[in-house]
Each structure stands twice: as C-alpha cells, then as structure tokens.
Amino acid sequence: MAAASKRPFRWHIGVFLAPAVLVYTAIMILPLAGTLQLSLFRNIDQSQVFVGLANFRTLFGDPNWSVGFWNALRNNVWFFIIHMLVQNPIGVMLAALLSSPRLRFAAFYRTAIFVPTILSFVIVGFAWKLILSPLWGVAPNLMDLVGLKSLFTPWLGKEQYALTTLSLISVWQFVGIPMMLIYAALLSIPEEVIEAAECDGITGMSQFWKIKLPLILPSIGIISILTFVGNFNAFDLIYTAQGALAGPNYSTDILGTFLYRAFFGFQLQIGDPNMGSAIATMMFLIILGGVCVYLFLIQTRLRRYQF
Amino acid sequence: MSTATRSLPRTIGAHAILLTYTVIALFPVIIVIMNSFKSRAGIFGAPLTPPTPKTFDLIGYTTVIGQGDFIHYFQNSLVVTVASLFFVLLFGAMAAFALSEYRFRGNTMMGLYLALGIMIPIRLGTVAILQLMVASGLVNTLTALILVYTAQGLPLAVFILSEFMKQVSDDLKNAGRIDGLSEYTIFFRLVLPLVRPSMATVAVFTMIPIWNDLWFPLILAPSEETKTVTLGAQLFLGQFVTNWNAILAALSLAIMPVLILYVIFSRQLIRGITSGAVK
Amino acid sequence: MTTKLLTALLLGTSILGFAGVANAADVTLNIESWRGDDLAIWKDKLIPAFEAKNPGIKVVFAPSAPTEYDAALGAKLAAGSAGDLITCRPFDKSLELYKKGNLADLSALPGMENFSPVAKSAWQTDDGKATFCVPMASVIHGFIYNKDAFDKLGIKVPETRDEFFAALDKIKADGTYIPMAMGTKDLWEAATMGYQNIGPNYWKGEDGRTALIKGEQKLTDKDWVAPYEELAKWKPYLGDGFEAQTYPDSQNLFTLGRAAIYPAGSWEIALFNTQAQFKMGAFPPPVEKAGDTCYISDHTDIGMGLNAASKNADAAKTFLSWVASPDFAAIYANALPGFFSLNNTPVKMEDPLAQEFVSWRGKCKSTIRSTYQILGRGTPNLENETWVESANVINGTDTPEAAAKKLQDGLDSWYKPAK
C-alpha cells in the first residue's frame, strides 16, 4: 500500500474510478434503487401510495405470501448446500489433478470440463430435460446398461428429487468456474515454494494439504462467496427446466423464481411490482448479510501472500 | 521436480478421474449434437447410437435454416459480448487498481458500493432501465445491451480484480515510482501485465452470462436486426417445441459457434493464466 | 428527475447507436404476440392479404415465447416501447392492462358489430360498457384418439364415463398402446386438458361457473371435487414416468402412435395433422349416463387490442377492423384449424377433425374455463393454483378433497362474492 502521506489531491484516483462508477451508477444502481423503494409503496387505485413497511408485514404475516417465501428460502439454502458440498470440492479436486506437472492431455481435460459452463441455460435446461425424459429414454437406457434400470424414476417430476436433481445439473454446468479459479491460483504458487517443500520431504497428498491448500485459501474464499451470491440470485435454470411455477408443487421454487412470479406475474397472475420489490429487498438483505460475513469475518483473517 | 515423486498408479488414478469427469461433462452435448443428424424415428428409436446411413437425416437443419438469420444473430452476440467485455475489463481493472493501491477516504465504502451490484439481480431494474433507453432512443440498438452488460459485469470484475491486485508486489510499483513513472504508466505497464491471469478469469466470468442472457435482448433489443443467438434459439424452441429434429438442430446450432470460439480462445486463456504464473 | 439527467447523459452515447431507419412514407405496425407457432401464417398469408388492400401500412409480426410474453409485454408497456398491436389473453389479464390505461377502448371500432356479446365478454369491463380487444378465436376441449388403434382393438368411441374407462382398461390390458398421453410436469396440461376438459360435465357448464362467481357454490362442493376424483383415476392409464413428461413429450407420444387417447385442445389439430401417420378422430368429454346433456369448454382464447400509447393509432385501427372482418376470419380459421373464429359470419372449414370439434357446439352446451373470469384476478391466483393442484391430484400427492380445499381457501382469502 502506498503510504498515506500529505500530497496534493490525487487526481489519478478519480480518473481510475470515474468510468466504472459512472456507468455502474447510471445503469445499475439508480434503476435498482428505484425498484427497491417501490417496496415501501402500494398501488391503490392506480396510484402509488406510501405504506411504510406494510408490504413486509404482508410478506411475513399473510400465509399466502409467507409460506411461499419460507419454502423458497429453504429450497434456496438446500440449493446452496449442494453446490458447496459437491461443486466446490469437485472443482478443487479437478484443479489439483490438472495442475500436477507433466500431466498429459491436461489441455484437453481443461477445455472439455469447462464446456458446460459456456452453454446457455436455455440449452442446458432443454438438453437435460430431454435426457431425463422418460419418453426419450436416454437416462433409462443408460441405467439399463449398468443394470440399474430399476433405480430410474422421473426425477424432475417428483417432489422429493426434483430440487436435488436440478442442483446437480447446476453443479454440472458450473463446476468449471471453481476449477479455473483454483487452477489459476495453484499455477501462481512459485516453484521455489514447492521445491522447498520437496526438499523437506513433503510430497503428494500431504504437499497439497499442507502447502498448497493454505496458499489457495483466499481463492477458495472468493469461490464460496461467488457461489453464495450466484445461488441466491439463481433463476434461469429452474425457469427453463421447470417453468415459472417451479413444479411439482413448488418443490423447486427458489427465491429467484418466487420473485419473478411476484414482480412480473405469470399467466393469469398479475405482476405486483410492490410485493416483488419487497421480496427483492429481502433477497438483497440476505445476500448482503452473507457478503458482510465474508468481508469482515473471513476475508480479514485469511493470510494473503504476495509473490 | 524429479520424476521419482510421481508414481505410475497415481498418474493412472488422476487420468481415470479426469476422464470420467470429461465424459460426464461432454455427454449431454454429444447426445444433442449426435441426434440432431438423425431422422425422427432414429432419434426416438435408438437415442444412444450415432447416426447410421439408415438414420442419417438433415431434416432438422433444413427446417431451422431459412427460418432465421442465424449468422446475423451470431454477429450481434459477438459484437455485444466483445464490446461489453472490453469495457468491463478496462473500467473494472482501473477501479480495482484505485481501490487496492491507494488509501483514501471512503475507500472501503467505495468498495462496498461497487460490490452492491453483485447482490441484486439487475433484472429488477428492468423497467427503469428500459425507460432510460426509450428516453435516449437506444431501444433496439446493440449499444443499449452493451451499456447494460458493462454495468452488470463491473461489480464482479472489481471484486475479483482488487483481490488479485493486492497480491502484486509493492516493491515493483515503488521501484517504478522511484524511476519517475506516472501512476497511469505504473498501472498500464507494470500492473496490468502482472494480473493478466486474473483478467482472463474475469473475462470468462463476464462473457458467459452476457453471451447467454435471454432477458435483456428480449426487452431491450428484440428486433430482427438486433436479435442475439440466445434469443433466436429460444424463439426456435418455442416454435418447434414438438419437432425434435428441429429442436436438436437449433440447439446444436446454438452450441457449435460458442464451442468453436471457446476452443480457439481457451488456448489464449490458458496461456494468459500460465504466463502469469511462470514469471 | 434522475431519469432526465440520465437521459441527457445517455443521449450522448445514443449517437453511437444505430436506430432502425424507417421508411418515412410508410407506417409500420408491430404486433406483440405469444404465438410464435403462427409466425409463418402471419408472414405468408395474413399480412400480405392485409397489405395488398392497404398500401402504405406495413405490418410486422413480432412474437416472443409464450412463457416470457406477459412479463416482457408488461415491462415494454410500462416503459413505452411495446408494439402498436397487442395480442390479448382473455379476461382478467387484459382487463388489468385496460385498467392501467395500456389498452385503448375499441367499443366504437368499425367491425365490432361482427361479434356476439358472448364473444366480446372476454375482453370487456365487468359492466360490459367498454370492449378493448377484437375477439379472434376460441378453442374447444375434448379427446383426440388414434382411430387405427381403436379399430384394431375393437373399441367404439365412448360416450359415457363407464365406456371411457372400459376403453382405457381394454387398451391397457392389450399393452400395445399407452392408454392416455398426458404428463404432469408442465402442470398446465393437468389443469387445462384434464380438469377444465372434463369438469363442465360435472358442474354443468355455465350454471356452475356463474354460481361459483356468485358465491352460491364452492370449489369444495361435490360438483367441483368430482372432476378431481376422476382425474385421480387417470393415473394408472398414463405412461411410465408421466410425472416428468412434458407437454411436447405427450404430443410426441401420441403422434408417434404410441398412445391411444390424447386429452386435447382443438389447437393441436394443425400440428397433429402434419405429424401423425395414422387416422385420428375426436370425442367430447364423456357424460355420466347416455342421453345426459353434455357440456364442452369452448374457451374464448385470443384477441387483439390497440396499445393506447401507439403513435399509429389510425393505421392500427384500420388493421383491427380488418381483423374483425369475415375475410380475416376465413383465412385465420383455415390456416389454423382448431382456432375457431368468433365472427358472426360462419366460416367454412375444410379440416374434418376441426369440423368434428366444432359440431359439438350444436349438441352440447358451451362454457368457458372456470378460472378465467373474475376469479382469475387475485393472489393467490386461482388459475395458477389449479395448475399446481391438478398435477398434485394426478401425481397422487394430494387427495381430491385436499386439493379442492386448498383452492377454496386461497380463493376465500381475497374473493368476496357480491351478495
């Protein structure tokens, strides 16, 4: 860090910040602020009337809203847990394997494993629906090959399996991101550190656990918080695979789909921007809470190494 | 690094795991592309076999091509993605540098302010954004999309890049200052090349949601001239929802350009990542 | 305030933008629609027919996917970038747009006299004083069956419920065909092709529907629970994994000749004609005893209105008057067999299957879907909840009684019938 010394006004700081701050404020913050403040209003006879926190009281007090909200939140937490337990460990493992020196075909693996990440939700949702479709039979046929046909059920249509199935599809799609980030972090560990470790006889698995893992912890921190934010803002996959009603029986409803229905409406349901904004505000607070925990409790405790 | 430390079983194990995962990653894509070249009976009769002379059929592609100008959609997507990416990286890196390099009043606040955007889906600002674009005559232009995507990509870019910029050695920058380099030169000549790997990462992060976005093209630029590939593909799916030949062909057409582009650029990407590591 | 400032800021950037250059002499009308399927018909048949008669007006049909249509249209209307002509969903959804001032009053539009009050009722204010969309078409529910399969198994077309289930049993016992092609994954199939298809025979069409609106009947009454009891009995006749079977899956299952009966809406006819390799027939929802009055759902489904903010209102009205004309009706109904014209002038249809459907109007009493008028305007939304509960009943995760109770409780929470 440059020492905070007495210097004339440092114009360059302004120049560095200005373009980002301007575009970001104009196109993102002001429209969003405009939307969030709607949560304090209600449409009465076609005019917006200030109602204070009444929309939030409705959201939490009226079972027509609160049941849906808690259901969506619960599902969202499960969605996040699966990502943390499946996506990130797999991502780290793949990156660790890929970064081992002299691995053949590393470039091929790397490219191939990242492919799902570059596909759009439209394609992913559709392709998996086709594959899991009981009619088309790719999944049942495949399971038949390994003698597990009896285990096949129409996962996307069953309340108890649908959300987990979708979470795993999402993991399938996004595992490339933690893999790439960790991979970059592992590659930037200097040779000298590794060599020193090998001189001390630390190799293989214990080298990974004792030397590399502590060094990539900041990257794992970033991945966790990105996963958190991404999962609580998720919407598209559920929407393309299950529709806005997040069936069966709302079992795959997450905050994003719940918000979408409330804000924009769906089929005969008419959008209610005020209630939608109240939900959006809650989502914002949840995510803000998570990010603050990360910034103030975790990030400050992580040791960072300058190479 | 001695070869002695790498035993054969471990190498085989690594390949087994990576290969398994590669199959999992590619399987759905291959299924879709493979079946897009088959007749309707072939698709339903034997979905897992590659097209044979008996089942080979291009009917899906002939249905799809001629229904929409996919090459033009593709150009639109490319223009929007590349332009947004450029602005996100440039503006994002500049802001991240300011935040990580200098201590000034409001630094933390500014960091938090710029991170706010990660936490609310920008979709919620749709109506206000659309009003803005209508008022400034930008509806149905690619400029509107570029502006929105630049704003949307900035928070994450700043967030990740400032994390990485903190790892750039102070000695280097101070040495530059002693040599009388301006702050701009230090940023563009010394720091930027060093954070190239993280720039590549951010580029990928930023590019994917932009390329795949359905919502803003639908709202801001739905006209035939400005349609993007994803929007085009979605309309196709709606139109041919029961015609699996056409569906699979449309999906393949949407997958293949991205795939080719990715395979070309992934080498650049990896080179970016590794060149940063081996300095 | 901030918008103005930002506008000024953005105007600078707009120089970079390349706005579409319109031909100054011509007026171009944009149609907003969810009917992507009809793109070719509009492009090749309807629009050329109109443009030939009205030089100087160009029409562009710009559909978006059905799932995004309402949300995207709402945003565009709010911001003022929506097209001149708006395809209208029936009843409360469009009424809400009219109330917000997004749709113009079309009561005085030349051509409106071509429609009966019933046809117009889907796009009128509750007091019937203002009409805001030109009615385009209605759709009829029933069952489409594989004639070859019925002939092979020696099944005659069922008229009563007992015959219907006997037929299903026979198909199931034979094993060649899946008795019925329907899935619950997309939810609306269960509600629309299931509940709203067979329901009118139980609740006696308009009698039950209006009684429900008046509050004289409840969804927990026998007549309203009974269709759910029948739906629950459908489960064993559906294909393997029907819980994950999507609407297109069902369509393919039937048109590939793997299923014998398809609970249908008449809009399927055009597609089925091109895809099925066998002969098809249709029958209305079976009644309890032979000779009972039959009721069918003949639902006013699609109309077209004028964006109140349109800058080309005059040209748009010219177009809407044409949509209200018998000329349009003739082209539309024949290009899209299964979308039945609402025009008073009868349209001669060529398609035998479409003729079969429309012939039921003569022998059965028509009604519309029960959840659309008045009952479809609150939260929780009765139509959307009916989707969810109909799927639950068929999946077996809710009993008919529990489903009916949930629906009635949801309705009670916001709907107070006028006494």
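B:Leu154 sits in helix H7 (residues 142-165) of chain B; helices here are DSSP runs of H or I with at least four residues, strands are runs of E with at least two, and both are numbered from the N terminus. The model is a predicted one, in which local features need pLDDT of at least 70, side-chain atom pairs count only at pLDDT 80 or more, and totals for chains, interfaces and linings use all residues. Residues are numbered from 1 along each chain as its sequence is written, while chains are lettered from A and ligands numbered from 1 in the order in which they are written.

Is B:Leu154 buried or exposed? B:Leu154 counts as buried because it has 28 C-beta neighbours inside 10 Å. The cut-offs, with C-beta atoms placed from the backbone, are 20 or more other C-beta atoms within 10 Å for buried, 12 or fewer for exposed, and anything in between for partly exposed. Setting aside neighbours within four places in sequence, B:Leu154 is in contact with A:Ala20, A:Val23 and A:Tyr24, and also with B:Val88, B:Phe91, B:Gly92 and B:Gly117. Contact here means that the C-beta atoms of two residues, placed from the backbone, lie within 7 Å. B:Ala135 is 19 residues away from B:Leu154 along the chain, and their C-alpha atoms are separated by 24 Å.

Chain B itself splits into domain 1 (3-63) and domain 2 (68-239), with bounds that come from an automatic or database domain assignment. The C-alpha centres of these two domains of chain B lie 34 Å apart.

Chain A has 13 helices and four strands, and its C-alpha trace spans about 75 × 75 × 30 Å along the principal axes. Of its 307 residues, 48% count as buried. The mean pLDDT (the predictor's confidence in each residue, from 0 to 100) is 87 for chain A, and 95% of the residues score at least 70. Residues 1-5 of chain A stay under 50, and the model has five contacts for them beyond four places in sequence. Where pLDDT is low, the predicted coordinates should not be read in detail.

Chain C also meets chain A, with 39 residues of chain C in contact with 30 residues of chain A. H16(C) supplies the largest share of that side of chain C, seven residues. The chain C side has ten nonpolar, 17 polar and twelve charged residues.

Within chain C, strand S1 (residues 27-33) and strand S2 (residues 57-63) pair in the parallel sense over seven bridges; pairing takes at least two DSSP bridges between the strands. Chain C is divided into domain 1 (15-137 + 300-351) and domain 2 (140-298 + 366-412), whose C-alpha centres are separated by 30 Å. Ten residues of domain 1 of chain C are in contact with eleven residues of domain 2 of chain C.

Conventions
Ala, Val, Leu, Ile, Met, Phe, Trp, Tyr, Cys and Pro count as nonpolar, Asp, Glu, Lys and Arg as charged, and the others, Gly among them, as polar.
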